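Subject: Structure handover

Hi,

Here is the structure for you to look over. My notes follow below it.

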Number of protein chains: 2
Amino acid sequence: MNTDVAIAQAHKLEPIADIAARVGVPQDALIPYGRYMAKVDSTALPGLEAKGKVVLVTGVSPTPAGEGKSTVLIGLADALTAQGTKALVALREPSLGPVMGIKGGAAGGGYSQVVPMEDINLHFTGDFHAITSANNTLAALVDNHIHQGNALGIDPRRITWQRCLDVNDRSLRSVVTGLGGPANGVPAQSGFTITAASEIMAILGLATDLADLKERLARITVGLSYDKRPVTAGDLGAQGAMAALLKDAINPNLVQTLGGTPAFIHGGPFANIAHGCNTIIATRTAQKFADVVLTEAGFGSDLGAEKFFDIKARYGSLDIAGAVVVATIRSLKYNGGVSKEETSKENVEALRRGVVNLERHVDNVTKFGVTPVVAVNLFASDTEAERAFLRGWATERGIALAEADVWAQGGAGASELADLVMANLSEATSRPLYDAAAGVEHSIETIAREIYRAGSVQYSVNAQRDLATLKENGFDTLPVCISKTQYSFSDEPSVLGAPEGHTLHVRKLIPRTGAGFILALTGDVMTMPGLPKKPAADGIDIDADGVISGLF
Amino acid sequence: MNTDVAIAQAHKLEPIADIAARVGVPQDALIPYGRYMAKVDSTALPGLEAKGKVVLVTGVSPTPAGEGKSTVLIGLADALTAQGTKALVALREPSLGPVMGIKGGAAGGGYSQVVPMEDINLHFTGDFHAITSANNTLAALVDNHIHQGNALGIDPRRITWQRCLDVNDRSLRSVVTGLGGPANGVPAQSGFTITAASEIMAILGLATDLADLKERLARITVGLSYDKRPVTAGDLGAQGAMAALLKDAINPNLVQTLGGTPAFIHGGPFANIAHGCNTIIATRTAQKFADVVLTEAGFGSDLGAEKFFDIKARYGSLDIAGAVVVATIRSLKYNGGVSKEETSKENVEALRRGVVNLERHVDNVTKFGVTPVVAVNLFASDTEAERAFLRGWATERGIALAEADVWAQGGAGASELADLVMANLSEATSRPLYDAAAGVEHSIETIAREIYRAGSVQYSVNAQRDLATLKENGFDTLPVCISKTQYSFSDEPSVLGAPEGHTLHVRKLIPRTGAGFILALTGDVMTMPGLPKKPAADGIDIDADGVISGLF
């Protein structure tokens with residue numbers, strides 16, 4: 001079987017200028033990065049109305065079997081393009097750390113990919129590195145401020161701003177910096193996150209323009225003063241330099257799918273400790289040139305989609321016209337209790353037990369005012385009996401469902417899905433789930449009840465203290481971003497299917513004053529991955545002619 | 001007075017494709033990065049002979065008064081272009097850390113700049129970030145190898161590979177990583193260098209093509225095993241992934257000067273712990289399109305120029321046809337013993353005392369087989385009496401000298417210098433100073449005697465032990481890269497002028513097996529700068545239209 005990189009390399013790409021021209025992106029707004037990638041200068045598009053209809057692609061609860069959400073999205077886009085619909089893709093950028101770790105690449109798969117995949121996976125147009133620079137410049141300015149006299153009275157024990165790198169490196173999770181004597185600054189316990197987990201990634205994702213970006217950067221809380229008042233990046237005067245470092249990163253990146261659909265790939269925040277969507281600027285820019293914009297949110301509807309509606313659509317004033325819930329027969333069987341290895345074997349009973357997970361995700365999406373269609377991403381191991389069961393289940397419940405075979409067939413494998421999506425587009429009726437002005441406890445309770453189907457919310461002693469501080473500082477009317485395991489609707493990863501009546505445990509509340517949300521932690525969160533025993537990097541190579549291998 | 005950034009922003013740039021076309025760079029070898037920057041695909045230039053004559057620009061010993069070496073080089077190039085000579089510039093890339101720290105920008109100055117200066121100073125085409133990625137991927141692979149069972153028996157106490165970031169951050173000089181328990185790896189004392197100080201920067205500078213790059217990466221020593229054998233990046237199988245991360249960084253970057261001269265800005269190794277020149281690939285590529293290539297080496301002739309001839313020209317098989325020694329009247333007065341503040345006042349006596357420094361640098365360059373011309377970079381404070389003294393000094397000694405006023409006049413201020421450089425071009429007669437095969441002690445002794453004019457070389461106990469290890473491992477016939485203060489010919493920064501008979505103290509010898517040289521330390525070397533009390537970042541800003549201010 002062909003690898004993703006081999007399929008991508010065998011494809012003859014069109015010059016990005018031609019791709020851009022086809023959907024009407026003005027050439028003078030196009031900033032080329034090589035021949036097949038460009039940034040679109042978002043300030044050079046005055047007078048263009050963002051009128052394309054936005055369709056959100058979400059999925060069932062992730063399982064080790066894999067769901068292929070991006071792959072379905074890309075195949076769907078190519079099906080629409082083939083049908084003559086002016087469709088654009090808006091997706092997140094892959095992170096370099098996992099490329100070297102376990103994944104080896106993340107830009108769709110098979111014949112449903114965005115290309116040039118090697119470039120997209122390796123540095124791309126440098127956005128992540130610009131975020132790393134801005135993040136670490138701020139960290140250096142904080143430590144330097146303390147070293148040079150500490151006029152703001154920053155408590156070195158209460159610095160919350162961490163450094164970041166786009167690498168999987170467990171050794172950087174917990175470090176002590178500033179050792180070696182007075183010339184090397186003030187010793188401090190600290191750590192690095194992966195760049196995707198930096199608050200600046202979330203800020204870039206939610207900023208509506210350069211001025212808004214700079215304001216959000218200024219509002220970042222870097223730590224507390226000795227009298228326990230929040231100290232911001234603005235107090236340090238860091239926002240100008242940071243925004244200058246992000247001057248190119250703010251412009252969305254344009255590439256193409258294997259089917260020739262233009263694709264904006266921009267921003268890459270995590271879907272647990274951040275909101276998990278591509279940038280507002282990319283989605284809005286895509287709306288200026290497309291009739292239909294296909295965009296994605298990370299993990300299942302309980303994480304990415306909820307944050308998409310409650311954080312991204314809220315800040316970006318986006319109306320959502322449709323949604324797709326991606327499921328696989330394997331992942332539903334896994335949710336029905338069979339092991340990963342057993343998901344390749346026919347088991348209609350397990351599918352029947354597990355389909356409740358899909359049903360819950362469909363139901364969740366309707367709570368935001370959008371009726372989704374279901375896309376079944378087919379695998380070779382799916383049997384006719386299983387497929388028939390799922391189709392029957394959908395008919396019975398009045399749910400629109402289409403099968404798609406996008407890895408092997410690309411757009412040709414998603415034409416039925418494309419018809420279904422177009423038939424189900426609605427006028428703007430989408431809405432957030434809660435009124436943030438009612439306070440963060442109300443927001444959390446609403447999400448817990450409506451989306452997670454929890455019976456109660458419990459705050460730890462720490463979280464209660466955090467709550468008091470949030471109210472004291474006037475932060476508690478920001479939208480909430482709940483960090484929860486992606487594997488379960490509950491906060492316990494092993495509880496699959498569609499649990500209800502459980503208790504949501506809120507352990508910590510952190511104001512992300514720059515991004516503009518309150519991060520609610522419900523468990524341990526790993527913000528710096530490690531490398532596996534055999535890292536993907538081992539297999540990555542480049543020959544003397546510059547041809548790359550080992551990216552999957 | 002106009003700032004550098006204001007002058008640069010007022011300039012109307014030509015599209016980089018036009019700049020490239022003017023000197024014959026084929027359009028299909030041009031990889032655009034925006035409208036005014038490009039990379040040149042060095043593999044797409046088969047059959048083109050590198051026949052342009054290379055002129056090295058070096059300088060007197062650096063002083064706080066500033067010499068303006070790059071500014072003179074750029075003005076000289078623009079003068080040659082104006083005269084109809086097909087001239088190209090090859091320079092190092094600026095580092096982002098100092099841009100945010102003390103300098104605020106580094107791409108020439110005044111009317112002798114390379115542009116777009118904001119982009120060149122902020123991320124440019126991403127080369128430094130690619131080096132950071134490759135460097136830190138290797139660090140993660142080393143620590144992961146130990147964490148996952150340590151089959152190679154790497155001694156965690158003897159890891160010499162450090163992480164890097166392109167930031168000025170003293171708090172990262174000395175850190176402890178891997179804290180927080182077994183899941184976070186093995187605790188280790190470590191540190192970060194600035195990216196310019198990474199061995200990968202030196203490797204990129206000395207690689208002749210992608211295959212050579214990968215071989216050099218594989219030869220990097222990351223530390224010692226428990227039985228004290230060197231462990232390399234190749235032992236970890238890391239070179240393929242690292243070379244893939246550097247696939248774009250290896251191609252030279254093309255921009256333009258304010259006078260419309262094409263300029264390759266590529267690579268940025270330090271001139272003390274590395275060889276201090278732009279890449280071999282950039283210089284060779286420039287030679288394919290120019291009649292004259294103007295290139296620079298860091299600091300004075302004792303550091304950058306010596307390494308240029310003995311390391312870069314050796315590995316790159318470069319013949320050098322001419323050289324320029326840049327001096328200022330202020331810096332020579334400083335070398336004559338007056339304080340920085342007093343250098344603006346007329347003082348012919350101080351100039352007479354300090355001109356010995358210039359004379360020594362001129363003499364040094366001739367030892368590599370090239371007779372240099374002297375460029376006096378004029379400042380407003382220079383008096384007629386001082387200028388007359390210098391001209392007389394040159395005539396007396398038969399040294400070709402021209403004054404240049406490049407900051408204020410650009411190329412128009414360097415036409416006499418341009419004539420002089422062209423008149424003094426020689427056929428290929430340049431040569432390295434020593435035969436590396438005679439061993440590192442011989443190399444060090446030769447440089448100390450011929451260039452530093454030391455009376456003796458003293459090895460510390462540590463250095464003697466290092467020497468034994470080098471010989472044991474067969475590394476001692478690599479060329480030497482001496483790290484010494486740039487302010488003095490001796491290893492004592494306060495000894496200005498032209499000292500002789502001093503003792504050179506070698507404190508440590510480190511094999512840079514990837515770059516292919518032995519690093520000889522003669523004093524403390526700072527490889528991670530800190531920020532000053534008022535960092536340049538404080539003054540850097542960007543407005544809502546994307547216009548940057550505060551870069552000087």
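Pro116(A) sits in the loop between β6 (112-115) and α5 (117-121) of chain A. Helices (H or I, at least four residues) and strands (E, at least two) are DSSP runs, numbered from the N terminus. The peptide bond that leads from Val115(A) into Pro116(A) is cis, with omega near 5 degrees. Chain B has a cis peptide bond between Val115(B) and Pro116(B), with omega about 0 degrees. There, Pro116(B) is in the loop between β6 (112-115) and α5 (117-121) of chain B.

One more backbone point. Ser317(A) is not a glycine, yet its phi is positive, about 50 degrees. Ser317(A) belongs to the loop between α11 (301-316) and β17 (320-327) of chain A.

Before the rest, the conventions. The model is predicted: local features need pLDDT of at least 70, side-chain atom pairs count only at pLDDT 80 or more, and totals for chains, interfaces and linings use all residues. Residues are numbered from 1 along each chain as its sequence is written, chains are lettered from A and ligands numbered from 1 in the order in which they are written, and side-chain values use heavy atoms, with hydrogens and water left out.

**Chain B against chain A**

How is chain B laid on chain A? A turn of 180 degrees and a shift of 0.0 Å along the axis do it, with an RMSD of 0.0 Å. The superposition is by least squares on the C-alpha atoms of residues with pLDDT of at least 70 in both copies. The two copies are therefore related as by a two-fold rotation axis. In chain B, Tyr33(B) has the C-alpha nearest the axis, 2.2 Å from it. Both copies use the same surface: 100% of the contact residues of chain B recur in chain A.

Now the interface itself. Contact (heavy atoms within 4.5 Å) involves 71 residues of chain B and 71 residues of chain A. The buried area is about 5700 Å², and carbon and sulfur atoms give 59% of it. That area is the accessible area (1.4 Å probe) that two parts lose on being put together, summed over both.

Six salt bridges are counted between chain B and chain A. The rule is a side-chain nitrogen of Lys or Arg within 4 Å of a carboxyl oxygen of Asp or Glu. Arg163(A) and Asp169(B) form a salt bridge through their side chains, at 2.9 Å from N to O.

Which element gives the most to the side of chain B that touches chain A? α6(B) does, with eleven residues. By class, that side of chain B has 34 nonpolar, 22 polar and 15 charged residues. Ala, Val, Leu, Ile, Met, Phe, Trp, Tyr, Cys and Pro count as nonpolar, Asp, Glu, Lys and Arg as charged, and the others, Gly among them, as polar.

**Domains of chain A**

Chain A is divided into domain 1 (4-42 + 50-125 + 249-424), domain 2 (140-243) and domain 3 (437-521). The bounds come from an automatic or database domain assignment. The C-alpha centres of domain 2 and domain 3 of chain A are 25 Å apart. Nine residues of domain 2 and eight residues of domain 3 make the contact.

About 670 Å² is buried between domain 2 and domain 3 of chain A, with 49% from carbon and sulfur atoms. The salt bridge count between these two domains is zero. Six residue pairs are in polar contact there, both at pLDDT 80 or more. On the domain 2 side, α7 (199-206) and α8 (210-219) of chain A each give two or more residues. The largest share, four residues, comes from α7(A).

Best wishes

Note on methods: Polar contact = N/O pair within 3.5 Å; in protein donor to acceptor, adjacent residues only side chain to side chain.
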